[in-house]
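Dear colleague,

I am passing on the structure that we talked about, together with my notes on it. Please read the notes with the coordinates open beside you.

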Amino acid sequence: MPARTLRPASAGDVEAVAALRAVVLRPDLERLGRYDEHRVRRRLRDSFAPAHTQVIEVDGEFAGCVALRPAADAHWLEHFYLTPHLQGSGIGTSVLRELLARCDDHAVPVRLNVLRGSPARRLYERHAFTVDSADPVDVFMSRTPAVGAMPRVAS
């Protein structure tokens with residue numbers, strides 16, 4: 001597996017992330033009859049929160065991103081995109097494991113939504129996400145903290 005790192009996102013990353021989102025989501029959105037090249041980018045720009053987003057770099061180059069946004073009862077896994085030529089290489093799995101371990105350390109559930117029919121759903125199911133509900137476009141999933149996960153005590 002190529003060397004990968006996570007770094008905090010900055011406001012300057014928004015256009016690269018928006019462009020990647022358009023590429024990654026296009027096949028699923030087209031299949032669902034919902035692809036609009038301007039809307040897919042605008043929705044990312046409207047919801048991009050650098051404070052909760054990390055950029056995935058592989059061999060020092062931009063390769064994707066992931067956001068973990070805190071909410072009242074869980075963290076929301078959002079904007080998890082990996083450049084297509086790296087999908088299936090284990091990078092996404094390693095990033096997801098790292099983020100879920102952090103949530104397990106704090107006994108925080110994780111929620112997400114994935115497009116109906118997306119192959120990404122299999123990745124989430126392999127990491128103990130289960131379906132909560134679905135609509136014609138999205139499948140909403142959640143994961144409880146791993147058994148034995150205990151909240152960290154501040155020192």
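Predicted model: local features only at pLDDT ≥ 70, side-chain atom pairs only at ≥ 80, totals over all residues.

Gln 54 is buried, since its relative accessible area is 18% and the term covers anything under 20%, with exposed meaning over 50% and partly exposed what falls in between (1.4 Å probe, protein chains only). This residue belongs to strand 2, where helices (H or I, at least four residues) and strands (E, at least two) are DSSP runs numbered from the N terminus. Not counting residues up to four places away in sequence, Gln 54 touches Leu 6, Arg 7, Ala 9, Gly 64, Cys 65, Val 66, Leu 99 and Arg 102, a contact being heavy atoms within 4.5 Å.

Residues are numbered from 1 along each chain as its sequence is written, and side-chain values use heavy atoms, with hydrogens and water left out.

Gly 64, one of the contacts of Gln 54, sits in strand 3 and counts as buried at 0% relative accessibility. The C-alpha atoms of Gly 64 and Gln 54 are 8.7 Å apart, and the two residues are 10 residues apart in sequence. When neighbours within four places in sequence are left aside, Gly 64 is in contact with Leu 20, Gln 54, Val 55, Ile 56, Tyr 81 and Leu 82.

Beyond four places in sequence, the contacts of Ile 56 include Thr 5, Leu 6, Phe 62, Cys 65, Phe 80, Ile 91 and Val 95.

As for the whole chain, the protein has four helices and seven strands, which run β-α-α-β-β-β-α-β-α-β-β from the N terminus on. Its radius of gyration, taken over C-alpha atoms, is 15 Å, close to the 15 Å that the globule rule gives for 155 residues, so the protein is as compact as a globular protein of that length; the rule is 2.2 Å times the number of residues to the power 0.38. The C-alpha trace spans about 45 × 35 × 30 Å along its principal axes, and buried residues make up 40% of the 155 residues. Among contacts with a separation of 6 or more, 61% join residues 24 or more positions apart.

Several other residues may deserve a look in your viewer. Thr 93, in helix 3, is buried with a relative accessible area of 18%, and beyond four places in sequence this residue touches Leu 123, Arg 126 and His 127. Asp 28, in helix 1 (residues 14–31), counts as buried at 10% relative accessibility, and its contacts, again leaving aside neighbours within four places in sequence, are Leu 115, Gly 117, Ser 118 and Pro 119.

His 79 has a phi near 50°, a positive value in a residue other than glycine; His 79 lies in strand 4 and is buried at 14% relative accessibility. Ala 107, also not a glycine, has a positive phi of about 55°, but Ala 107 is found in the loop between helix 3 and strand 5 and counts as partly exposed at 29% relative accessibility.
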